Amino acid sequence: MNASLRFTVLLLTLSFGVGLQLNYIDDYEEEPEEESVPADSKYGSLWPLPQKVQMSEISFKLTSSSFKIVDSKWSSAGPSCSLLKDAYRRYYEYMFGSSKRQQLNKSRKAGPSELTELQVWITSPDSECDGYPSVTSDESYELSVDQPYAVLRAPKVWGALRGLETFSQLLFEDDYGAKSINATQISDFPRFAHRGILLDTSRHYLPIKVILANLETMAMNKINVFHWHIVDDQSFPYLSRTFPQLSQQGAYHPYTHVYTPADVKMVIEFARLRGIRVIPEFDTPGHTQSWGKGQKDLLTPCYSGASPSGTFGPVNPILNTTYDFMSQFFKEISTVFPDAYVHLGGDEVDFTCWKSNPDIQKFMAQQGFGKDFSKLESFYIQRLLNIVTSTKKGYMIWQEVFDNGVKLNPDTVVHVWIGSGSNDEMGRVTAAGYTTILSAPWYLDYISYAQDWQKYYKVEPLNFNGTDEQKKLVVGGEACLWGEYVDGTNLTPRLWPRASAVAERLWSAKDVTDINDAFNRLSVHRCRMVERGIPAEPLFSSFCPREYKGV
């Protein structure tokens with residue numbers, strides 16, 4: 001295909017895009033792909049790269065019959081901490097396979113070069129074992145691999161989870177399957193507190209099994225936020241106890257394509273056990289066509305001339321019943337989802353329907369809004385924010401809400417997603433004093449031939465003009481995988497290991513930018529995900545010692 005034809009096809013493809021996935025990527029222009037030279041990294045297959053690593057040539061053997069992960073006798077998290085017990089079991093299986101632990105031979109003494117124990121020491125009086133992770137959670141840890149045993153020290157269980165993943169990544173195998181680990185000292189913490197993945201379960205329903213597999217993979221990459229874009233125009237799969245008719249009428253199928261209260265609870269707990277926050281997004285006033293199927297009079301009737309056209313637009317912002325509904329609905333959401341934040345969307349509101357409706361025109365005149373429909377949008381958003389604040393939740397919003405001048409609470413998190421001018425936007429939002437997260441350069445639904453992970457890897461989130469104080473307001477970012485062309489059949493390989501590139505950018509130090517070293521570590525990390533049952537796609541021509549076996 002010649003260049004001009006290829007460009008035409010690209011334009012056609014973009015012109016058919018709808019919804020939030022249409023992210024104009026001007027600030028992050030394609031750089032030529034760098035050719036990576038395969039070689040062993042001095043850091044082995046650590047991913048994301050810890051802040052400080054010292055590895056020696058001295059190695060110790062590990063065997064499934066003698067190695068165990070235990071609580072340190074000084075740890076504040078004792079045998080009752082099910083989160084850690086669950087993690088010990090999980091990581092033992094990652095390291096040695098699911099074969100039953102062989103009985104210890106009491107008469108057998110470990111050899112001088114054998115490592116038999118990893119002791120996990122939670123150093124703070126409150127381990128947070130029974131709590132939920134938050135944006136202020138301490139994920140730091142220190143790992144010492146040496147004789148007579150390895151020690152993992154962390155103030156909280158969240159750091160212990162990250163350290164267990166790192167320990168499991170230090171293991172390597174010889175040709176006969178024998179496991180070894182090098183003497184290592186690691187001191188580690190994340191550069192950014194918010195490291196997220198957005199999954200969209202409205203355009204296509206994602207089975208719970210697929211969501212859980214991706215939470216598992218997020219933990220392997222030290223991702224700590226699952227942004228659950230749970231509903232949208234296309235379908236409403238969230239089964240509300242207060243308004244069951246929303247999913248009854250708005251889901252693709254009222255029984256097979258819904259997330260029941262038990263499903264949601266399972267996702268939240270599965271995520272908690274891996275140190276992952278679940279932040280739900282209920283986007284209004286646009287992106288709400290599916291809401292209107294089950295909630296009468298919620299959406300605005302559109303007019304064609306003097307009579308209703310039979311179609312509906314965004315949420316109707318002029319009716320008191322709208323706010324009564326939102327008040328009850330978000331009260332439920334605040335009890336179902338334990339995270340301190342809920343994402344309220346607020347993007348891409350099409351004013352055409354509002355402009356056509358005579359009742360809205362009259363309301364606009366009464367309020368003195370003139371013909372400025374962004375003022376009407378702000379009127380709605382302001383009331384919604386007050387409702388959500390009354391439920392004791394903080395909120396995240398897409399950048400348009402900030403752009404339109406809505407009065408926001410000081411703790412609002414502004415989510416920057418529009419690629420065109422996003423560096424300027426980051427500067428404006430942080431100059432106004434708001435906490436910010438970045439997604440503009442990390443829209444993973446855009447796919448291309450070749451190693452596009454490099455493009456995501458090369459992004460520097462703080463590459464905008466601003467003071468040090470402004471840059472401290474950037475708490476992290478999210479990779480977004482919108483669901484127009486993605487369902488359970490292709491989501492996982494499309495996401496991984498491309499999202500791994502974002503994971504390292506958000507965890508590791510700013511100066512970790514060597515693309516060759518990244519390729520060499522990521523290639524092995526990708527094979528490790530495959531060995532753990534995750535169908536992560538290849539970076540380039542290669543093979544894995546243990547290939548994906550299919551479903």
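**Lead points**

Strand S15 and strand S16 (residues 435-438) run parallel and are joined by 4 bridges. Two strands are taken to pair if DSSP finds at least two bridges between them. Helices (H or I, at least four residues) and strands (E, at least two) are DSSP runs, numbered from the N terminus. The model is a predicted one, in which local features need pLDDT of at least 70 and side-chain atom pairs count only at pLDDT 80 or more, while totals for chains, interfaces and linings use all residues. Residues are numbered from 1 along each chain as its sequence is written, and side-chain values use heavy atoms, with hydrogens and water left out.

**Strand S15 and its partners**

- Strand S14 (residues 394-398) also runs parallel to S15, and 3 bridges join the two.
- The bridge partner of Trp398 in S15 is His415, and the bridge partner of Val414 in S16 is Thr436.
- S15, helix H13 (residues 422-431) and S16 form a right-handed β-α-β unit; a crossover is right-handed if, with the strands pointing away from the viewer, the path from the first strand over the helix to the second runs clockwise.
- In a regular strand the side chains alternate between the two faces of the sheet.
- Val413 and His415 point one way from strand S15 (residues 413-416), Val414 and Val416 point the other way, and all are buried. Buried means under 20% relative accessible area, exposed over 50%, and partly exposed in between (1.4 Å probe, protein chains only).

**Disulfides**

- The structure holds 3 disulfides, a disulfide being a pair of cysteine sulfur atoms within 2.5 Å.
- The sulfur atoms of Cys81 and Cys129 are 2.0 Å apart, and this link is right-handed, with 100° about the S-S bond. The pair links distant parts of the chain, 48 residues apart: Cys81 lies in the loop between strand S2 (68-71) and helix H2 (82-96), and Cys129 in the loop between strand S3 (117-122) and strand S4 (141-145).
- Cys81 is buried at a relative accessible area of 3%, and Cys129 is buried at 8%.
- Cys302 and Cys353 form a disulfide with their sulfur atoms 2.2 Å apart; the torsion about the S-S bond is about -115°, so this disulfide is left-handed. Cys302 belongs to strand S11 (residues 299-304) and Cys353 to helix H9, so the pair ties together parts that are 51 residues apart in sequence. Both Cys302 and Cys353 are buried.
- Cys527 is joined to Cys544 by a disulfide (S to S 2.1 Å), which is left-handed because the torsion about its S-S bond is about -85°. Cys527 lies in helix H18 (residues 515-531) and Cys544 in the segment after H18, so parts that are 17 residues apart in sequence are tied together.
- Cys527 counts as buried at 12% relative accessibility, and Cys544 counts as buried at 2%.
- With the bonded cysteines of the protein numbered in sequence order, the pairing is 1-2, 3-4, 5-6.

**The surroundings of Asn357**

- Asn357 is placed in the loop between helix H9 (352-356) and helix H10 (358-367), and this residue is buried, with a relative accessible area of 2%.
- The side chain of Asn357 reaches the backbone oxygen of Pro301 at 2.8 Å.
- A polar atom of the Asn357 side chain lies 2.9 Å from the backbone nitrogen of Asp359.
- Apart from its neighbours within four places in sequence, Asn357 is in contact (heavy atoms within 4.5 Å) with Thr300, Pro301 and Tyr303.

**Helix H3**

- Helix H3 (residues 157-170) has 14 residues and reaches 20 Å from its first C-alpha to its last, close to the 20 Å expected at 1.5 Å a residue. The expected span is 1.5 Å times one less than the number of residues.
- Of the 14 residues of H3, 14 are buried, so the helix is largely enclosed by the rest of the structure.

**Backbone features**

- A cis peptide bond joins Gln147 and Pro148, with omega about 0°; Pro148 is in the loop between S4 and strand S5 (150-154).
- Another cis peptide bond joins Trp496 and Pro497, with omega about 5°; Pro497 is in the loop between helix H16 (491-495) and helix H17 (498-507).
- Asp297, a residue other than glycine, has a positive phi near 65°. Asp297 lies in the loop between helix H7 (289-294) and S11 and is partly exposed, with a relative accessible area of 47%.
- Ala450 is not a glycine, although its phi is positive at about 90°. Ala450 is in the loop between S16 and helix H14 (453-457) and is partly exposed, with a relative accessible area of 41%.

Notes:
A polar contact is a pair of N or O atoms within 3.5 Å; within protein, one must be able to donate a hydrogen and the other to accept it, and residues adjacent in sequence count only if both atoms are side-chain atoms.
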